[in-house]
Structures are given as structure tokens and as C-alpha cells.
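The sequence and structure are shown first.

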Amino acid sequence: MRRVTDESGAIAVIVAIVLTALVGVSAIVVDVGSLYAERRQQQNAADAAALAVAIDCARTTCAGSSSAMNTASAQANANSNDNATTVTQICGTAPGLSPCAPAAPTAAWDCPAAPTSGAIASAPYVMVRTQTLNGGSSLMPPIFARVLIPGYTGTTVKACARAGYGAPSSAQVISVTESLCEWNAATANGTRYAPAPPYPPNPATSYDRVIYLHTTSKASSCPAGPAGTDLPGGFGFLDDPTSTCSTTVSTSGTYGDNTGTSVSQACKTALAAAQAGKYIVYLPIYSSVTGTGTNGVYTLKGFAAFVITGYHLPGFQAVSWLTGTLPCTGSDKCISGFYTQGLIPSGGTVGGSSMGATVIQLTG
């Protein structure tokens, strides 16, 4: 008779080995996952800090390292889950910042080298480096790994972000346009801007300009087509594909005209809100125009920051809050306001002509 061998001891050993391996793998997975989560938090913190400092710099308020550090630290902490991040360095080519040390060639977390070609290469930038902050320590403590790796006390997780700023090459704008000729006259070729909001204090009334969408009476050195329009059959309003009185255009392309002197309900709402709120809207400025009516095409020169003060449009008018008078009367159709400088809040791409509008872009 064959003897039955008792293998329960061997099986127990195998089970023990397998369980130990599973526990070890699980421990590694948990710790690695924790490090990846911390890495994402650090990157979010660095991105937010770089954008915030770049916004300050674009508004010419980042001179001085202490101001930049206060802004960066506040945004880095606010954008990490544990509200704890150390900003280790703020640098860049923006006024008031120290030059950045070269990127660490072997550090995957560090920003890549700054662009050397394209429009973004000449744009001022801010770079922010961050790392873990945990109870006063820079180490991300292990959860299970210290059991498997004697002496292991944790890892310092780091991140880096770079944000540039400058004139946009594309942007979402209100569906109204103005000619380069008129913009040059209003801003003395880009050298004269009204102070930016908030208002009051109000700018001088001499800044207030009238954008004529249709006129037979204005005296201007800028050309106007039949019936006083800049585009035959067009009245300064643009295609509005989303029915929100806004459109996205790019300096690398063109944009279309919307015919007729009537104002859509969406544009009435947008114009009234901007006039009452005294805030900036962004206008595409065209350098040339071809075609007529629905086939009219504008070629974009750049983007301007404009504050609407009043308007006189069919069945829709408001007295200028700056001058106290209607900007035009009779059969003329117009919008009044002034050009200033402002930061486009919806983001975009750096690379256009400088005409008063600025955009912030993450570049590394």
C-alpha cells in the first residue's frame, strides 16, 4: 500500500512565502502611488504659483523677490491637497526676478530648457520650483516601505513650472471689431492708453473715443466704404457662431463679418453688462478687409483692451458714463469707450502684436 505523504507543512511554507510577497508588492504599490499623488500635487502647486506670479508681473507688480514669494507660496499651498508646499525658487526674465539656474539635465521633475525659437522665446517668463513640505520636513514619509527597506525615511518630491506672458496670437473676444487706423489714432500708435480699471477714479474724458459702425457724418482720416461703413454691407459686428456675442480669432487667420445694423440680443446683453460694469472687453483689430456683406473677411492685426462707456444702436442706447452724452445721434451707429491695457482672463497663446492685451501661457 502506497504511503500517503503529509504535505501540509510544505503548503504552509509556500502560502507564507506568497503572502509575504503579496504584502511586499502591496506595500510598494501603496508607497509608489502615494509618491505619484504627491508629485501631482506638487505640479499643480508649481503651475498655480507660476501663473499667479506671471499675472503680477504682467501687471508690472512683481518687482521684488518678497512680493513674488508671497504670491507663489499662497497659490502653491492653496493648490495642494494638504495645503503644504515649499516654494524653493522663483526666477525668470520678468522684471525684478533673478535669472534661473540651468535645468537639471537628469531630473525628470525639472522644467525643460527655455524655448529658443518662436514668439514665446522672446516673451518674459517666471519659473517656480516647489517641493514637499510635511510637518517641517521636506520628506514624503513612507507608509509601508520602511518595513521592507531598513533605514528608508522617505523621499523629497519636487516639481517645476514656467509661465510666459505677452501679446496673444489667439483669443476669445467680443463680436465687434475696429480698424488698425482707428486704433492708431486713439492710442497714438500704441503709446497712449487710459489707466486700467477699477473706476473711479475715472480717466480723463479726452481718452473717450467713438467707434462708428455706420456713419455718413463723421470726419475721419480713416477710410470708410459706401454708407459710411468700413466694409460694404458690414457694420462692425462679427460672426457669432455660439450666439454669445463672442468669437475666437487668431493672428494667423481671418474672421468673418455679420451683416446688418441690428444688434443681436446676445450682443445687447454683453454690451449693456460691459458698459454698466465698467470692465474691459477685448476687441480684434483688423489691418485689412476684403469682400462685401456676408462674404466680408477681416485680417487680424492684434487684440486691444477696450472699456465701453456708451452706445447708440438701433433701439438700444446708453449715455457715456465718462462724458455724460450720447456718443452719436441720428442715423449714425456707434459705440464709445477708451483703450487701456489688460490681461485676458481666459488664457491663450503668446505671439501676437502688442496692442494692449496680454495673455499668460504655461511653457514648461
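**Basis and overall make-up**

The model is predicted, so to speak of local features a pLDDT of at least 70 is needed, while side-chain atom pairs count only at pLDDT 80 or more, and totals for chains, interfaces and linings use all residues. Residues are numbered from 1 along each chain as its sequence is written, and side-chain values use heavy atoms, with hydrogens and water left out.

The secondary structure comprises 5 helices and 16 strands; these are DSSP runs numbered from the N terminus (helices: H or I, at least four residues; strands: E, at least two). The protein has 364 residues, of which 42% count as buried, that is, under 20% relative accessible area with a 1.4 Å probe and protein chains only. Contacts (heavy atoms within 4.5 Å) between residues at least 6 apart in sequence join residues at least 24 apart in 71% of cases.

**Sheets**

Strands are taken to pair if DSSP finds at least two bridges between them. An open sheet of 5 strands has the order 1-2-3-16-14 and mixed pairing. Its edges are strand 1 (85–92) and strand 14 (342–343), each of which pairs on one side only. Within this sheet, strand 2 (residues 125–132) runs antiparallel to strand 3 (residues 158–166) over 7 bridges, and Arg129 has Cys160 of strand 3 as its bridge partner.

Another open sheet has 3 strands in the order 8-4-15, with antiparallel pairing. Strand 8 (246–250) and strand 15 (349–350) are its edges; each has a single partner strand, so one side of each lacks a neighbour in the sheet. Strand 4 (residues 168–174) and strand 8 are joined in the antiparallel sense by 5 bridges, and Ile174 has Ser246 of strand 8 as its bridge partner.

**Helix 4**

In helix 4 (residues 180–187), the buried residues are Glu182, Trp183, Ala186 and Thr187. They fall within an arc of 115° seen down the helix axis, so they line one face of helix 4; the arc is that of the directions from the axis to the C-beta atoms. These buried residues pack against strand 5 (178–179), strand 6 (209–214), strand 10 (280–290), strand 11 (297–313) and strand 13 (333–340). Ala188 follows helix 4 and has a positive phi, near 55°.

**Pockets and cavities**

On a 1 Å grid over the protein atoms alone, a cavity is a set of points where a 1.4 Å probe fits but cannot get out; a pocket is an open set with protein on both sides within 12 Å along at least five of seven lines, and lining residues have an atom within 4 Å of a point. By this rule there are 2 cavities of 30 Å³ or more.

| Space | Volume | Lining by class |
|---|---|---|
| Largest pocket | about 310 Å³ | 6 nonpolar, 5 polar, 1 charged |
| Second largest pocket | about 270 Å³ | 11 nonpolar, 3 polar, no charged |
| Second largest cavity | about 50 Å³ | 8 nonpolar, no polar, no charged |

The lining of the largest pocket includes Arg59, Tyr279, Gln341 and Leu343. For the second largest pocket, 14 residues form the lining, and Gln172, Val173, Ile174, Val281 and Tyr282 are the closest to its centre. Strand 4, helix 5 (265–277) and strand 10 each supply at least two residues of that lining. Ile174 also lines the second largest cavity, together with Val176, Ile211, Leu271, Leu283, Phe306, Ile308 and Ile335.

Key:
Buried means under 20% relative accessible area, exposed over 50%, partly exposed in between (1.4 Å probe, protein chains only). Grid points are joined across faces, edges and corners, and a volume is the space filled by probe spheres set on the points. Ala, Val, Leu, Ile, Met, Phe, Trp, Tyr, Cys and Pro count as nonpolar, Asp, Glu, Lys and Arg as charged, and the others, Gly among them, as polar.
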